[in-house]
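Here are my notes on this one, for you to read alongside the coordinates. Tell me if anything looks off to you.

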Amino acid sequence: MMARVELGGVDIPYHFRCPISLEMMRDPVTVSTGQTYDRASIESWVATGNLTCPVTRTPLTDFTFIPNHTLRRLIHDWCAAHGGTAAPKQQRQPPADAALVRSLLAQAESADSVESSRVAALRRLRTLARDSDKNRRVISSVLENRTSLLSLAFAGAGEMRGGGNESIAGALALESLSLAAMLPLSDQESASIASRPECLSWLAALLCRHPSAETRTDAAAVIEAVSAAARSQDLRVTVGSTAGVVEGLVRLVELHCRHQRAGNVAIRALFSLCLAKENRELAVSAGAAGSLMSCVAAGDLQHAYLERALATVELLCRAEGGVEVVVGHGGAVAALVKVMAGKVSDRAAEHAVGALVAVCAASEELQREAVENGVLGWLLLMVQSNCTERAKRKAQMLLKLLRAAWPRYDSLTNSDDFQFQTPPRAVSLR
């Protein structure tokens with residue numbers, strides 16, 4: 001029978017007390033077995049090497065502790081109703097420390113431990129990594145930690161076979177990959193992965209064939225990290241030319257409306273790969289230009305990802321067939337002009353203009369469409385603004401390209417020197 005605990009002379013209900021400390025819970029969290037504990041108590045329990053539920057004694061299969069908001073509100077209301085006692089304040093999860101990280105990684109690497117215990121240790125680490133940037137720095141700052149994670153993630157890559165998903169993804173490898181996807185890679189680590197075809201093929205297999213969008217996203221994140229850290233264009237080409245990589249990334253971009261993180265990671269990865277000219281035609285053939293334009297037109301990309309999506313579209317317009325794909329996307333011109341009008345950022349506007357230069361060069365009809373959508377006023381404003389010289393040059397190029405369409409619009413016929421002073425909203429385009 002649980003001992004009586006009082007607060008201000010009143011017994012605290014037993015279900016408000018942590019089964020470990022017997023004290024009233026301040027930050028109740030629920031573990032994988034369905035039991036609820038105070039966060040500080042269960043974190044301390046696990047940190048000392050215990051991987052079972054204190055009440056049920058069954059193994060903890062997941063170390064993601066879910067806040068029990070309902071119970072916390074009940075405790076809050078109970079405290080307020082008994083003597084005006086202040087409600088307990090939620091405590092932050094204790095930060096990771098080097099000793100704990102090394103201990104959990106050692107357990108994950110131990111061939112003598114059962115796989116469920118090794119996976120549980122990695123899940124505990126993943127929970128810590130998700131909690132804060134500081135924890136991720138603690139985990140990644142030690143070279144041996146990253147080496148251990150990458151070794152666990154790619155341990156079975158050389159034994160990959162065709163067939164079902166079980167042949168490409170063990171639980172231990174996936175947990176290691178998921179954690180590695182959150183951490184930065186050094187140039188040397190990136191080069192090591194890129195130089196091993198079996199590693200790239202395994203990542204591509206996960207990216208294309210695994211049923212979990214989360215796992216496909218983790219694979220894309222590692223591909224992006226490898227490509228971004230690679231200082232050699234040859235390494236980028238090697239990654240991009242691996243069968244399935246570009247195609248898998250394009251499929252993830254298409255998931256953006258349902259899985260935002262998946263789409264965002266894929267956009268970053270495609271941008272990084274398309275910095276190498278040799279990858280651009282592959283991306284065009286895989287449908288990247290159309291998928292990216294769909295995201296741009298949807299208007300729901302965060303600023304940083306919109307900039308990367310537009311930069312990639314501009315790069316793809318320089319590849320064979322790229323302009324045709326962008327033009328073939330209904331409303332592409334209007335979507336690009338809308339980016340300029342939305343004043344998202346100077347970079348977004350610059351890349352939108354760069355893409356429009358390539359698109360409008362394709363036909364006079366597209367030039368007229370751009371003018372009809374109000375591009376001239378925004379271009380004239382851009383050349384007078386404090387944007388970069390490169391952005392101004394692109395704007396001037398597009399203005400010259402559109403000169404043939406100007407006579408249809410009386411208010412712009414005489415603007416030969418581009419010194420147009422009226423804000424774009426006041427420009428008469430009819």
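1. A word on burial before anything else: buried means under 20% relative accessible area, exposed means over 50%, and partly exposed is in between, with a 1.4 Å probe and protein chains only. On that scale K392 is buried, with a relative accessible area of 17%. K392 sits in helix α22 (residues 389-401). Contact here means heavy atoms within 4.5 Å; setting aside residues up to four places away in sequence, K392 touches M382, V383, S385 and C387.

2. Ground rules. This is a predicted model, where local features need pLDDT of at least 70 and side-chain atom pairs count only at pLDDT 80 or more, while totals for chains, interfaces and linings use all residues. Residues are numbered from 1 along each chain as its sequence is written, and side-chain values use heavy atoms, with hydrogens and water left out.

3. The overall picture: the protein chain has 22 helices and five strands. Those are DSSP runs numbered from the N terminus, helices being H or I with at least four residues and strands being E with at least two. Of the 430 residues in the protein chain, 51% count as buried. Taking contacts between residues at least 6 apart in sequence, 66% join residues at least 24 apart.

4. Have a look at α10 (residues 213-229). This helix has 17 residues and reaches 24 Å from its first C-alpha to its last, close to the 24 Å expected at 1.5 Å a residue; the expected span is 1.5 Å times one less than the number of residues. Of its 17 residues, 15 are buried, so α10 is mostly covered.

5. L273 belongs to helix α13 (residues 260-274). Is L273 buried or exposed? It counts as buried, at 1% relative accessibility.

6. How does α13 meet α16 (residues 303-316)? Their axes come within 9 Å and cross at roughly 40°; axes are lines fitted to C-alpha atoms, for helices over the stretch in contact, and angles run from 0 to 180 degrees between N-to-C directions. On the α13 side the contact is made by N264, I267, R268, L270, F271 and C274, and on the α16 side by Y305, R308, A309, A311, T312, L315 and L316. These residues divide into nine nonpolar, two polar and two charged.

7. G248, in helix α12 (residues 245-253), is buried, with a relative accessible area of 1%. Leaving aside neighbours within four places in sequence, G248 is in contact with L207 and C208. Its C-alpha is 8.7 Å from that of A266, which is 18 residues away along the chain.

8. Two backbone angles to check. Phi of L22 is near 65°, positive in a residue other than glycine; L22 is in the loop between β2 (10-11) and β3 (28-30) and is partly exposed, at 33%. R57 also has a positive phi, about 65°, although it is not a glycine. R57 lies in the loop between α1 (39-47) and β5 (66-67) and counts as exposed, at 56% relative accessibility.

How values were computed. Ala, Val, Leu, Ile, Met, Phe, Trp, Tyr, Cys and Pro count as nonpolar, Asp, Glu, Lys and Arg as charged, and the others, Gly among them, as polar.
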